[in-house]
Amino acid sequence: MYDVEEIRKQFPILQREVYGKPLVYLDNGATTQKPLCVLNAMQEEYLNVNANVHRGVHYLSQQATELHEGARETVRRFINARSTSEIVFTRGTTEALNLVAASFVDEMMQPGDEVIISTMEHHSNIVPWQLQAAKKGIAVRVIPMHDDGTLDMEAYAQLFNERTRLVSVCHVSNVLGTVNPVEELVRIAHENDVPVMIDGAQSAPHRYVDVQQMDCDFFAFSGHKMYGPTGVGVLYGKEEWLDRLPPYQGGGEMIESVTFEKTVFQSLPFKFEAGTPDYIATTGLAKAIDFLDEIGINCIYEHESELLKYCHERLQEIEDVRIFGQAKEKDAVVSFLVGDIHHLDMGTLLDRLGIAVRTGHHCAQPLMERLGISGTVRASFALYNTKAEIDVFIEAMKRVVGMF
Ligand code: PMP
């Protein structure tokens with residue numbers, strides 16, 4: 001039994017009002033709210049354990065290290081990686097993508113070599129490649145998209161040539177909700193001896209992720225989009241790849257020994273973790289994963305799928321609504337426009353009625369260009385949203401549309 005009211009009790013913020021109206025929070029694609037168990041675990045560590053990890057022989061440092069390394073094991077289990085050596089803590093998806101872009105291009109690519117991305121990428125999976133393109137003269141190739149928001153897989157297969165070195169695509173689009181066929185994307189890339197990076201920022205909170213089954217070579221996600229704290233995320237990388245890549249940043253924690261002549265780097269995953277990690281946030285992330293596990297990621301998936309279906313159905317009641325992203329495989333995101341009402345006007349008026357949605361280009365300007373629009377209104381759902389909230393949202397939309 002999925003008891004959404006019980007779940008909501010873990011999120012006091014959902015009880016608050018804005019402009020005297022009950023808050024309806026539908027901006028979960030940007031960030032999710034945090035349950036009490038996550039906040040309590042972080043406060044408990046600050047209050048009773050706090051000490052820098054890995055370095056101290058003293059009791060607190062060892063306890064903090066156990067929590068931090070225990071969190072790594074929790075993440076390993078969550079995505080079914082083979083070993084904790086394959087779990088690198090980063091500040092988030094963006095940093096994980098930048099890490100791979102910098103280290104992979106540095107070690108594995110020559111001027112003229114190519115990276116394949118897709119039309120529906122977030123800027124964080126575009127700009128890091130462009131920065132490398134400017135530095136090293138690599139080329140970025142783009143998988144085109146069909147009008148329903150699915151990737152053109154035939155065109156994808158045609159993009160490979162002897163210069164292709166890496167594919168980097170999102171698992172789930174933050175605008176369209178499209179769930180990309182990652183196993184197929186990986187299979188085709190591997191047939192061409194090309195590794196694959198998956199941006200899982202929008203999939204890890206919503207659906208079961210098994211990196212071994214997917215067989216991707218790298219996978220990234222952010223804690224704050226899955227009920228964990230800000231400032232922490234994960235880069236999964238197959239050990240064979242992480243071993244081959246140079247460090248991303250230098251500093252403490254990532255070294256075995258240093259002289260002025262030469263530095264020997266630490267083993268995996270520490271080679272990629274320079275400086276004091278946000279060990280309080282890793283505890284919070286592990287707690288968020290426990291929280292997801294307790295509810296059950298498949299139950300969450302079903303609950304959110306029902307919300308998505310219901311929202312799609314009810315949006316049809318609104319004249320001139322255009323929904324962007326009609327893939328059969330779609331996660332809990334709805335992007336839309338109504339008639340010629342500007343997305344910003346719609347978002348601002350919905351806000352006045354207590355409804356938090358996202359408006360604009362959603363950090364995916366090339367996708368907006370492909371769709372021929374400047375932005376959308378986006379409602380994105382989480383495990384604590386309800387059909388009653390969607391009813392409030394639809395009624396508010398009707399009011400707003402009525403004003404124009
Ligand atoms: N990729 C996708 C698909 C996203 O939705 C986001 C966040 N909107 C990111 C990457 C970047 O995540 P972060 O800002 O947490 O690094």
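Visitor: Where is the place of proline 269?
Guide: In this predicted model, proline 269 has its place in the loop between strand E12 (263-265) and helix H10 (279-295).

Visitor: What makes the bond between leucine 268 and proline 269 a cis peptide bond?
Guide: The omega angle of the bond joining leucine 268 and proline 269 is about 0°.

Visitor: Why is aspartate 193 called exposed?
Guide: Exposed means over 50% relative accessible area. Aspartate 193 has 71%, so it is exposed. This aspartate 193 is found in the loop between helix H7 (182-191) and strand E8 (196-199), and has a positive phi of about 60° although it is not a glycine.

Visitor: Why is aspartate 320 called exposed?
Guide: The relative accessible area of aspartate 320 is 54%, and the term applies over 50%; therefore aspartate 320 is exposed. Its loop runs between helix H11 (297-315) and strand E13 (321-324). Aspartate 320 also has a positive phi, about 65°, without being a glycine.

Visitor: Is asparagine 28 buried or exposed, and how do you know that?
Guide: Buried means under 20% relative accessible area. Asparagine 28 has 2%, so it is buried. Asparagine 28 lies in the loop between strand E3 (24-25) and helix H2 (36-48).

Visitor: What does the side chain of asparagine 28 reach?
Guide: The side chain of asparagine 28 reaches the backbone oxygen of tyrosine 25 at 3.3 Å. The limit for a polar contact is 3.5 Å, so this pair counts as one.

Visitor: Which polar side-chain atoms lie at 2.5 Å and 3.2 Å from a nitrogen atom of the ligand?
Guide: A polar side-chain atom of aspartate 199 lies 2.5 Å from a ligand nitrogen, and one of histidine 122 lies 3.2 Å from a ligand nitrogen. For threonine 93, a backbone N or O atom lies 3.4 Å from an oxygen atom of the ligand.

Visitor: How much of the ligand does the protein bury?
Guide: Taken alone, the ligand exposes 400 Å², and the protein buries 85% of that. The ligand sits in the largest pocket.

Visitor: Which residues are around the ligand, and how do they divide?
Guide: Among them are Thr94, Ser124, Asn174, Ala201, Gln202, Ser222, His224 and Lys225. The shell divides into one nonpolar, eight polar and two charged residues. Ala counts as nonpolar, while Asp and Lys count as charged, so Ala201 is nonpolar, and Asp199 and Lys225 are charged.

Technical notes. Residues numbered from 1 in each chain as written. Predicted model: local features only at pLDDT ≥ 70, side-chain atom pairs only at ≥ 80, totals over all residues. Heavy atoms only, no water. Near = heavy atom within 4 Å. Polar contact = N/O pair within 3.5 Å; in protein donor to acceptor, adjacent residues only side chain to side chain. Areas by Shrake-Rupley, 256 points an atom, 1.4 Å probe, with all protein chains shown as cover. 1 Å grid on protein atoms, 1.4 Å probe; cavity = no way out; pocket = protein on both sides within 12 Å on 5 of 7 lines; lining within 4 Å. Sits in = over half its atoms within 2 Å of the grid points. Helix = DSSP H or I, 4+ residues; strand = E, 2+ residues; numbered from the N terminus. Buried < 20%, exposed > 50% of the residue type's maximum accessible area, 1.4 Å probe, protein only.
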